[in-house]
Amino acid sequence: MDIHQMDARTLILKNHLKETRMGRKLSQAELAYMVGVSRNTISAIETGQFSPTARLAFILCQALDIKFEDLFYF
């Protein structure tokens, strides 16, 4: 299935946030502080309960020094 055949129900943003954060030896609270959100927000992103806005996704990538496509995927 190519991107043109997908609909909003199949385009769920997934991520490698937990693995990346842990690889950099950061706690959820530390990362949350770095990007200006709550620890609960980081937890919710990691577990797929919340998809970050484009702005927050960009800030997370900047804070973790990682490309968007290496942190987030469909």
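The largest cavity in this predicted model holds about 40 Å³ of space. A cavity is a set of points, on a 1 Å grid over the protein atoms alone, where a 1.4 Å probe fits but cannot get out. Its volume is the space filled by probe spheres set on the points, which are joined across faces, edges and corners. The structure holds 1 cavity of 30 Å³ or more. Lining residues, those with an atom within 4 Å of a point, are Leu13, Lys14, Asn15, Ile45, Gly48, Phe50, Ser51, Pro52 and Phe72. They divide into 5 nonpolar, 3 polar and 1 charged. Here Ala, Val, Leu, Ile, Met, Phe, Trp, Tyr, Cys and Pro count as nonpolar, Asp, Glu, Lys and Arg as charged, and the others, Gly among them, as polar.

Residues are numbered from 1 along each chain as its sequence is written. Local features need pLDDT of at least 70, side-chain atom pairs count only at pLDDT 80 or more, totals for chains, interfaces and linings use all residues, and side-chain values use heavy atoms, without hydrogens and water.

The chain has 5 helices and 2 strands. These are DSSP runs numbered from the N terminus: helices are H or I with at least four residues, strands E with at least two. Their order from the N terminus is β-α-α-α-α-α-β. Of the 74 residues, 31% count as buried, meaning under 20% relative accessible area with a 1.4 Å probe and protein chains only; exposed means over 50%, and partly exposed lies in between. Among contacts (heavy atoms within 4.5 Å) with a separation of 6 or more, 54% join residues 24 or more positions apart.

In helix H2 (28-35), the buried residues are Gln28, Leu31, Ala32 and Val35. They lie on the same side of H2, because they cover an arc of only 100° around the axis. The arc is that of the directions from the helix axis to the C-beta atoms. The cover over these residues includes H1, helix H3 (39-46) and H4. Just after H2, Gly36 has a positive phi of about 80°.

Most residues other than glycine have a negative phi. Lys25 has a positive phi, near 55°. Lys25 sits in the loop between helix H1 (17-23) and helix H2. The residue is exposed, at a relative accessible area of 73%. Asp65 is not a glycine either, yet its phi is positive, about 50°. Asp65 lies in the loop between helix H4 (54-64) and helix H5 (68-71). Asp65 is exposed, at 67% relative accessibility.

Terms used
On a 1 Å grid over the protein atoms alone, a cavity is a set of points where a 1.4 Å probe fits but cannot get out, and a pocket is an open set with protein on both sides within 12 Å along at least five of seven lines; lining residues have an atom within 4 Å of a point.
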